[in-house]
Amino acid sequence: MAYTVNKTDGSVFASVGDGAVDTTSSLTLIGRNKTNYGELIAENFIHQLENFAHTTAPSSPLTGQIWFNKTDSTLRIYNGSDFERTSAIEVKSTAISTNLTEGTMYFDTRDDELKVYANSAFKSAVIPGGTITDTYTGNVMSGSSSIYGAKLDTLFLKTTGSKIVPVIALKYYSNGSDNPGHNNYGDGNSSIMALFSDHATFALDSTDPHYAEITSASGIGGGGANIKSGITLRKDYSNDPNSRSDTASLANIAYAVDLTDPAPVATAAGRIAGKDLFRNNTNVVPDTDGAYTLGETAKRFSYAYLDALNVGPGGSTGSGIYANGTAVDIGTTSARFNNAYFNNIDVSGDVVFGAGSQNIGSSVAPAENLFAANATLSGAVIVSATPSASTHATNKTYVDTEITSATSATNVVRTTGTQASIAGAKTFTSLLTGSSGVSDGTATMSSGALSGVTTITASGQIRGGTLTDGTASLNGSGALTGATTGSFSGLVAAGSITSGATIVASGNVTGNYFVGTATQAQYADLAEIYKADKEYAPGTVVKIGGAEEITQTTEAFDNEVFGVISENPAYLMNSEAEGLPVALTGRVKVKVIGKLAKGERLVSADMEGFAWGIGSDEYDPRAVIGRSLEDKADGESGMVEAVIGVK
């Protein structure tokens, strides 16, 4: 005779006949007079004792059923549609008032703090050091910050000797439009306001993640890589004592400061006049003429900012450097000023240059005009403008004659005028060009086309719109444009290359299309472009579906898994299509969670776009993405290299 099994709420769950078993739930229900019923009962107890511990969820779960997930070692409870992680902490805006016991906790959303019930009251469980909150999201007074606050944090800094040193950091957080944090270390926009160190001064290693902020011009210590003992503030804080140390005064002994006016003699009765310590609205004037010196030979002021500088004895006034009737030197022959810039120079004596090559102006900034009664030049005279008269420097007739009759291997550069014929073979070490062309008797080289050439050797550049002579051999260690046939050790760039037989290049060859046979590939996977419903990072596990062709996986052991987003495919099919490259086979990085052993099979995880290993558990081959090529010792999320497409 069958018996009826009811659930806690009184509803009928199942009816089990004599000698039968019911597997509607994760436990086996046993009918009357079922043989070997003891084994089934024992197994039910074991399943309940271990909370159905497995890498996959139990089948046919009931609402409220508990499952221990062996993949990530979490306890989960079935809520009627999914196994969600258990939590003993309620999240609410009002305190818990019923069933209170010592240690009862809840998360208070009013101030974003964890509260613990102790000694008849709820107390904050926030560790002293500060609070970061999203309470000010949408608050214009805070710049609409969803991350806002300040706290103390421990930084483990790496020294240049690879030693790890812990220090305390006072950090400010804000991601709003008003005064946001300078950097993001994974915990929101934050700025290190101060460092507290009890260690001897140490230099920060450039590989430390905080190196850029600490050593920046506005960072800790004002751009230095050394962390000193005590407290160090940011350079850009106006009240930073480090940034204002150049204006501070230090007194070993202070007997008395006399602020009376007129001030007494500084040394009288061990007193010092207040005017000698600081002035804010009066002129700094010595008591007697020539009695005071600013700085010393070995101890100098760093900068002096003056509206006017009066140099020389006496009472000269006005703005400028005045000699006051006495000759004043600026610099010396052994200690010269580096540069001097004037609108006008009026010289009554000689202008004498020191030893070595001296220039007036430069090739990019020549002197505008030079007027001289006599000019004696011992070096070369270079004139950039074309001479127009026989008396002009570099006579035009002479230059034309030299170009026409040139018979040596000297380089000739023509940028204007008609073609010039140059007999004999030529080797050019700089650019050869011409508006109408330059010929060596058998070859014509111009900015248009090159034809009829036997051999051209150049360490500079040869330029042409189109090179069409199949007999030409072009050899160059520089850049060659418009090559027909040749062997090149530098850049080969041409608008059009025709009648070419062979091009051998030891550098890079870049083009829109390449027709030939590939023998090697730099990367290791075969991928094809597919439309995605949104942008996914390399390593994301995807399946066919979503609003477009592919979408990321969302559940564990999904047998609809399709491939992995590739970063650098060795061969990319459908390359001009719109979408993302999906690795279908080969080696590729994969986003994973949990521990892995080399060779372990990978399936989709319950974390979106991630995979995890299945160990020795049973599996559906359709759900296998591939196999890991490396071990992973931690249970966190990360990336491993895997081979895709194998089971």
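Are Trp67 and Phe83 buried or exposed? Both Trp67 and Phe83 are buried, where buried means under 20% relative accessible area, exposed over 50% and partly exposed in between (1.4 Å probe, protein chains only).

**Before starting**

This is a predicted model, in which local features need pLDDT of at least 70 and side-chain atom pairs count only at pLDDT 80 or more, whereas totals for chains, interfaces and linings use all residues. Residues are numbered from 1 along each chain as its sequence is written, and side-chain values use heavy atoms, with hydrogens and water left out.

**First stop: colour by confidence**

Colour the chain by pLDDT, the predictor's confidence in each residue, from 0 to 100. The average over the chain is 76, and 66% of the residues score at least 70. Confidence is highest in strand β37 (residues 550–552), at a mean of 96, and lowest in strand β25 (residues 449–450), at 43. Strands here are DSSP runs (E, at least two residues), numbered from the N terminus.

Next, select residues 428–454, where the pLDDT is below 50; this stretch has 73 contacts in the model beyond near neighbours in sequence. A contact means heavy atoms within 4.5 Å. Residues 464–484 also stay under 50 in pLDDT, and the model has 92 contacts for them beyond four places in sequence.

**Second stop: the aromatic pairs**

The structure holds six aromatic pairs. Rings of Phe, Tyr and Trp (its six-membered ring) pair if their centres lie within 6.5 Å; planes under 30 degrees apart count as stacked, over 60 as edge-to-face and the rest as tilted.

Return to Trp67 and Phe83: their ring centres are 5.3 Å apart and their planes meet at 70°, so the pair is edge-to-face. Trp67 belongs to strand β5 (residues 66–69) and Phe83 to strand β7 (residues 83–85), so that the pair links distant parts of the chain, 16 residues apart.

Now select Tyr530 and Phe562. This aromatic pair is edge-to-face, with 5.2 Å from centre to centre and 85° between the planes. Because Tyr530 lies in strand β35 (residues 525–530) and Phe562 in strand β38 (residues 561–565), the pair ties together parts that are 32 residues apart in sequence. Tyr530 is buried, with a relative accessible area of 17%, while Phe562 is partly exposed, at 27%.

Where is Ser26 placed? Ser26 is in the loop between β3 (21–22) and β4 (29–30). Its relative accessible area is 17%, so Ser26 is buried.

Show the side chain of Ser26: one of its polar atoms lies 2.5 Å from the backbone oxygen of Ser59. The side chains of Ser26 and Gln65 are joined by a polar contact of 3.1 Å. A polar contact is a pair of N or O atoms within 3.5 Å; within protein, one must be able to donate a hydrogen and the other to accept it, and residues adjacent in sequence count only if both atoms are side-chain atoms. Not counting residues up to four places away in sequence, Ser26 touches His47, Phe52, Pro58, Ser59, Ser60, Pro61 and Gln65.

Select β8 to β11, which form an open sheet of four strands in the order β8-β9-β10-β11, with mixed pairing. Its edge strands, each pairing on one side only, are β8 (90–92) and β11 (121–124). Two strands pair if DSSP finds at least two bridges between them. Three bridges join β8 to strand β9 (residues 105–108), and these two strands run parallel. The bridge partner of Glu90 in β9 is Tyr106.

In the loop between β8 and β9, find Ile96. Ile96 is buried, with a relative accessible area of 10%. Leaving aside residues up to four places away in sequence, Ile96 touches Glu90, Thr104, Met105, Tyr106 and Phe122. Ile96 and Tyr117 are 21 residues apart in sequence and 9.2 Å apart in space, C-alpha to C-alpha.

**Last stop: a hairpin and its neighbour**

Select strand β13 (residues 148–158) and strand β14 (residues 164–174), which run antiparallel and are joined by eleven bridges. Tyr148 has Ser174 in β14 as its bridge partner. The two strands, β13 and β14, form a hairpin with five residues between them, and Ser162 in the turn has a positive phi of about 65°.
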